[in-house]
Amino acid sequence: MRIGYGWDSHEFKSGVSLKIGGLDIPHPKGLGGHSDGDVLLHAVTDALLGAIAAPDIGTLFSPSDPRWKGADSAVFLDEALRRVKAAGFRVANIDSTLILAAPKIGPHAQALRKNVAALTGVAADCIGIKAKTPEGMGTDNAAIAHAVVLLEAATPRTRKPRSKKLSH
Ligand SMILES: [Zn+2]
């Protein structure tokens, strides 16, 4: 088994739509960034990449590369999932915490779980979406996401019998 951890943050910005977990969430401001600023998918992507010791999201999809300008973050997630599969693993579960002052995530949590499930091919009851407000952190104009993933071997290896010690 492998465990992976990812963290990301983006600043709220007027004039862009808010995208979290691949969903458009109604809000006066969106998240700035080179891509679509999907803070949750970026944290999950980095957790997947970290679990298999692959280069991180910023290395694979450089913010200075014009190809990723306004990119759908599902593209980054797909590449991480491809690498996880190639490494011989599958995703057992994903847990995440969003930290943002607004909008409230609670009313969208079920839709987010379903959407992240659809994007990752993991059952919705294996996707955790939690949200907190940034009490005392002074980060009201940002959205922060933490994510952990657990990977398990896609085909469980049969355990080799232990070689017997030679007796004298
Ligand atoms: Zn990001």
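Colleague: Are Asp 8 and His 10 buried or exposed?

Modeller: Keep in mind that this is a predicted model. Asp 8 and His 10 are both buried.

Colleague: What about Ser 9, and why does Ser 9 count as partly exposed?

Modeller: Ser 9 has 32% relative accessibility, so it counts as partly exposed. Ser 9 sits in strand S1, residues 2-14. Leaving aside residues up to four places away in sequence, Ser 9 touches Val 39, Ala 143 and Ile 144.

Colleague: Which residues are the protein donors of the zinc ion?

Modeller: Asp 8 gives OD, His 10 gives NE2 and His 42 gives ND1. These donors lie 2.0 Å from the zinc ion. Along the sequence, the donor residues follow the spacing D-x1-H-x31-H.

Colleague: Now pockets. How do I read one?

Modeller: Rolling a probe the size of a water molecule over the atoms shows where empty space is left. Here the largest pocket has a volume of about 220 Å³.

Colleague: Which residues lie nearest the centre of the largest pocket?

Modeller: They are His 42, Ile 57, Gly 58, Phe 61 and Pro 63, out of 13 lining residues. Two or more lining residues come from each of S1, helix H1 (39-51) and helix H2 (57-60). S1 gives the largest share, three residues.

Colleague: How many residues of that lining are nonpolar, polar and charged?

Modeller: Six are nonpolar, five polar and two charged.

Notes. Residues are numbered from 1 along each chain as its sequence is written. This is a predicted model: local features need pLDDT of at least 70, side-chain atom pairs count only at pLDDT 80 or more; totals for chains, interfaces and linings use all residues. Side-chain values use heavy atoms; hydrogens and water are left out. Donors are N, O and S atoms within 2.8 Å of the metal (3.2 Å for Na, K and Ca); water is not among the atoms, so sites may look incomplete. Buried means under 20% relative accessible area, exposed over 50%, partly exposed in between (1.4 Å probe, protein chains only). Helices (H or I, at least four residues) and strands (E, at least two) are DSSP runs, numbered from the N terminus. Contact means heavy atoms within 4.5 Å. On a 1 Å grid over the protein atoms alone, a cavity is a set of points where a 1.4 Å probe fits but cannot get out, and a pocket is an open set with protein on both sides within 12 Å along at least five of seven lines; lining residues have an atom within 4 Å of a point. Grid points are joined across faces, edges and corners, and a volume is the space filled by probe spheres set on the points. Ala, Val, Leu, Ile, Met, Phe, Trp, Tyr, Cys and Pro count as nonpolar, Asp, Glu, Lys and Arg as charged, and the others, Gly among them, as polar.
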